[in-house]
Amino acid sequence: MTTGYTVEQLRAAAADAVRAPSLHNSQPWRFRLVDGGIELAVDPRRRLPATDPSGWGARTSCGAALFNLRLALAVAGTPATVRLRPYPGDPDVVARLVPDVPRRPTPTEQSLYGAIARRFSNRAPFWPDPVPADARWRLGEAARAEQCWLELVIGTTAVNAFAEIARSAHRVLERDPAYVTERTRWIRSEPSPDGVPTAAGGPQSEPQDLLPQRGFGGRNRAPGRDFEPEPLVAVLGSSGNTTTDQIVAGEALQRVLLTATDAGLAVSMLSQPIEVPAAREALRLSLGRFGTPQMVMRIGFGQPGRTTPRRPIDDVLDLPVVR
């Protein structure tokens, strides 16, 4: 049994971990090696005070990075035992991973790992083809595997009711000048290792759109390329809303996203109803669910696209000092 991870193992696993999604592609994570264990922490310098004042988004993003980290280590034959929030006095440390008994990766782990490099947020309109029942089942199972739930919003009435909640939350956010200014700062019209490239921002919103779109400077859409009239909307939730619940929700989110990618599906995220507390509660009540909604996704079949850039690995590592 391995006594500890090495710097080389940390670097290799972190290279996959950083492919996780984050609000505005802010990449709010850091990785370090301490006494043979890999630790993942929120980077306080990359928080979004206007968009994410509670830190929910940063913790969820780090949870998604944690799932990638777990996958990478498992596929390398060096799976980890994970302890969430290991230091009560240091709440920014999300998790500590130490080596477990070496084993071969499972077929599911290998499939999900293969999807890491292909996953991206597809903000363009999707094709009208429905998502098959078996794929919907797989997405629900992915959430349950990480102790979360996934509710699919089905039917015109339910989708329209959700859309009203989402549009209301979007209007609340857009009335905040600090929120708009912060989002604008993360739009990238030139090559950059972080932020949202305008080419990945999706088309500009139009009055007929059912669901709200963040203004990331996308281009005008081609004629006839409106968004789907009845999208498949999925709400991911957890049993509670503690700091630990948010980290676990991030792990479940990434497992759902990778499962969707492996199934050939496209996904975009709609976090506006989560960012506004009143909208989040209205969403929970509309679903009749206990627990807390943590993310909303639009799922379907989309056009090919590209992953967004990531910072160099050396920018996110705190390597041990050799004396």
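**Entry 1: helices α1 and α2**

Helix α1 covers residues 7-17 and helix α2 covers residues 56-75, and the two pack at an angle of about 135° with their axes 8 Å apart. I noted that the axes are lines fitted to C-alpha atoms, for helices over the stretch in contact, and that angles run from 0 to 180 degrees between N-to-C directions. The model is a predicted one, in which local features need pLDDT of at least 70 and side-chain atom pairs count only at pLDDT 80 or more, while totals for chains, interfaces and linings use all residues. Residues are numbered from 1 along each chain as its sequence is written, and side-chain values use heavy atoms, with hydrogens and water left out. Helices (H or I, at least four residues) and strands (E, at least two) are DSSP runs, numbered from the N terminus.

Which residues make the contact? On the side of α1 I listed Ala13, Ala14, Asp16 and Ala17, and on the side of α2 Ala65, Asn68, Leu69, Ala72 and Leu73, with contact meaning heavy atoms within 4.5 Å. Sorted by class, the contact of α1 with α2 has seven nonpolar, one polar and one charged residues.

**Entry 2: Ala17**

I then followed Ala17, whose place is in helix α1. Is Ala17 buried or exposed? Ala17 is buried, since its relative accessible area is 0%; buried means under 20% relative accessible area, exposed over 50%, and partly exposed in between (1.4 Å probe, protein chains only). Not counting residues up to four places away in sequence, Ala17 touches Phe31, Ala65, Asn68 and Leu69. I also checked Ala17 against Ala133, which is 116 residues apart from it along the chain, and their C-alpha atoms are separated by 30 Å.

**Entry 3: the five-stranded sheet**

Next I traced an open sheet of five strands, whose order is β3-β4-β2-β1-β11 and whose pairing is mixed; two strands pair if DSSP finds at least two bridges between them. Strands β3 (80-84) and β11 (317-318) stand at the edges with a single partner strand each, so one side of each has no neighbour in the sheet. Strand β3 is joined to strand β4 (residues 93-99) by five bridges, and the two run antiparallel, with Thr81 standing opposite Val98 in β4. Both helices of my first entry come back here: α1 lies across β1 (29-34), β2 (37-42) and β11, running at about 160° to β1, while α2 lies across β1, β2, β3 and β4, running at about 160° to β2.

**Entry 4: the four-stranded sheet**

I turned to another open sheet, in which four strands follow the order β5-β8-β10-β9 with antiparallel pairing. Here β5 and β9 stand at the edges, each with a single partner strand, so one side of each is left without a neighbour in the sheet. On average, and with direction ignored, neighbouring strands of this sheet are turned by 30° against each other. Helix α7 (residues 243-262) packs on the sheet and touches β8, β9 and β10, its direction making about 10° with that of β10.

How many residues of strand β10 are buried? In β10 (residues 292-300) nine of the nine residues are buried, so the strand is largely enclosed by the rest of the structure. Strand β8 (residues 232-238) pairs with β10 in the antiparallel sense over seven bridges, and I found Ser238 opposite Thr292 and Val233 opposite Arg298. Strand β9 (residues 266-269) pairs with β10 in the antiparallel sense over four bridges, where Ser268 stands opposite Arg298.

Most residues other than glycine have a negative phi. His24 sits in the loop between α1 and β1 and counts as buried at 3% relative accessibility. Leaving aside neighbours within four places in sequence, His24 is in contact with several residues, among them Leu48, Thr51, Trp186 and Phe216.

Gln147 also has a positive phi, of about 60°, although it is not a glycine. I found Gln147 in the loop between α4 (133-145) and β5 (149-153), and Gln147 is exposed, with a relative accessible area of 59%.

Definitions and conventions. Ala, Val, Leu, Ile, Met, Phe, Trp, Tyr, Cys and Pro count as nonpolar, Asp, Glu, Lys and Arg as charged, and the others, Gly among them, as polar.
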